[in-house]
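Q: Could you take me through this structure, starting with its overall fold?

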Amino acid sequence: VLSRLDLGAMRVAFGRISGVSVALSCVWFALNLWLKVLRWQRLLRAQGIALPHSVALAAFLSSQFYAQITVGRVGEFLRVEALIERDVSPGTALAACVFDRLLDLYLVLCAGLCFGAFWLADLRLAALAAIVMLSLAAAGLWLMRVLGGGHQPAWLQALARQPLAARLLHHARELVSGVRPMLAPGPLLEAAGWTLGAWSLYLAALFALADGLHIAVSRVLLTATAAFAALSSLLPVTISGLGARELIYIEVLRARGVSGESAATLSLLHLAVMSAMAIGLGVLGSLWRARQRSQN
């Protein structure tokens, strides 16, 4: 990507950003992480699991460090260790983590595909957005019915006779059982509210950098661009979407008169702020967790 850009123009773009804009972006992103900690705690409470805020905060921040250095951000699931050490079964412990990842994924799909579709006036993309989201919801409900129902299909019964598969199915049923309380209207609506709040702060961090770079485009367009870029971080061949997200920013913003150099600079700055905050706070969270474990 960088080989096709004017590196001199990128240096000029980096030079335009002020320390105040970067600091404000860091504050917004840190608050986004904190809201996600609160969301995780509330989801756990819906499961009947009480986790002290200090432990939840330390475990969540620690997991953010590992999320930054693993493909598809799978390292963020390591926060379940704080629950497993309290004798919560692995499947139940993983349920809230999987559920809040799905909430983020669903919101990002909605924002990226729907905003992008209507902004680009592409009805086919709007239809694709609806199909993808409805398919995800239908697949989730089908999986819960199959794993959680009393009558098991023949293929599932045959699979359960294999020792390794039986163990995996046991954990999957625990996961489904753990997710079920969070699908009640109250917890689900509350979780949706926390998710909207957290992503609003995520976008505020991006907007602060865009303003600092004097990129004058619609907030709606930036929201759609950031949503598509966030999806790229889930690709199993990237680290936090590096390389893919820059192409997305360049292609989308170039259509609105933003140079490729400015678009790539915005993407790299946003990723740098997120990575620096996640790694920095993650190291502190890891040290905090180690101290908490030594005191138990």
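A: From the N terminus on, the elements of the protein chain run α-α-α-α-α-α-α-α-α-α-α-α. The chain has twelve helices and zero strands, where helices (H or I, at least four residues) and strands (E, at least two) are DSSP runs numbered from the N terminus. This is a predicted model, in which local features need pLDDT of at least 70 and side-chain atom pairs count only at pLDDT 80 or more, while totals for chains, interfaces and linings use all residues. Residues are numbered from 1 along each chain as its sequence is written, and side-chain values use heavy atoms, with hydrogens and water left out.

Q: How many residues does the largest nonpolar core have?
A: That core has 63 residues, and those with the most contacts inside it are Trp 40, Leu 253 and Leu 266. A nonpolar core is a set of buried Ala, Val, Leu, Ile, Met, Phe, Trp, Tyr and Cys residues joined through side-chain atoms within 4.5 Å; buried means under 20% relative accessible area, exposed over 50%, partly exposed in between (1.4 Å probe, protein chains only).

Q: Which helix gives the most to this core?
A: Helix H9 (residues 185–212) does, with nine residues.

Q: And H10, how many of its 14 residues are buried?
A: Ten of them are buried, so H10 is largely enclosed by the rest of the structure. Among them are Leu 221, Leu 222 and Ser 232.

Q: What percentage of the protein chain counts as buried?
A: Of its 296 residues, 45% count as buried.
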